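Okay, thanks for coming, everyone. Let me put the model up and we'll walk through it together.

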Amino acid sequence: MSTYVVGDIHGCIRELRMLFELIKFNPYYDKAIIVGDILGRTYENATEIITFIRSYKNSVCVLLGNHEVKFLESFYKNTTDVVLKHFCSSNKDISPQTYAEWISQFSLFYVDHSLKTLVVHAGVSPQWHDYEALHQAMYFNHHKNVWGMKRLMSILSECPVLYWN
C-alpha cells in the first residue's frame, strides 16, 4: 500500500491520468492526496477532472487550495469577478453551483496518524506549532459544516491569518 501526495493539477487532466498510470495507482490498496488547485490557471476540463477523481471514490482525498478558496469566495459572495466569468466561459456542461458544492466538501488538511503526517496545500503559519495548525484546520472544517460555506468564506476573507491570495 502506498500513499501519494499530488500537488497543484491546475486543470491538467491528461498529465494527472498519465501520473496515475505511471505509478500504477491501485484504488484498492493505494491512497492519493491531491493538495488543492485542481483547477486554477485554467478552468477548462472541470467535468473531466471531477469524473476522474470521483471514479476513485475513497482512495483519493482532495484538499482545498487557494484557487478553490478564491472560487468559493467569489461564488458565495455573489461577485461577478474574473474567476466566475472565466469558469463559466470555459465550462458549458457544469454549473458554478455544482462545482462549488463539490469543492465545498474538501478539507483544509489530511492527517495520517500512523505515518505521523499532516498534509496541507501551501503550508501553515510559521507562528503555529503543528498542533495549532491542526486545531485551525479542524476549526475550519467544523465551522464549514455548522455555519455553511457562504458564511465561512465571508469570515475568511476578513481574517489575514487564514486568508490566501
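**Overall layout**

So, the protein chain has seven helices and five strands, taking helices as DSSP H or I runs of at least four residues and strands as E runs of at least two, numbered from the N terminus. This is a predicted model, where local features need pLDDT of at least 70 and side-chain atom pairs count only at pLDDT 80 or more, while totals for chains, interfaces and linings use all residues. Residues are numbered from 1 along each chain as its sequence is written, and side-chain values use heavy atoms, with hydrogens and water left out.

Starting at the N terminus, the elements go β-α-β-α-β-α-α-α-β-β-α-α. Of the 165 residues in the chain, 45% are buried; buried is under 20% relative accessible area, exposed is over 50%, partly exposed is in between, with a 1.4 Å probe and protein chains only.

Now look at helix α4, residues 82-90, where Val83, Leu84 and Phe87 are buried. Why are they on the same side of α4? Because they cover an arc of only 90 degrees around the axis, going by the directions from the helix axis to the C-beta atoms. Val82 and Lys85, on the other side of α4, are exposed. The cover over the buried residues of α4 includes α2 (46-55), α3 (66-76) and α5 (96-103).

Last stop: Asp37, in the loop between β2 (31-34) and α2. Is Asp37 buried or exposed? Asp37 counts as buried because its relative accessibility is 2%. Setting aside neighbours within four places in sequence, Asp37 has contacts that include Asp8, His10, His67, Glu68 and His121, contact being heavy atoms within 4.5 Å.
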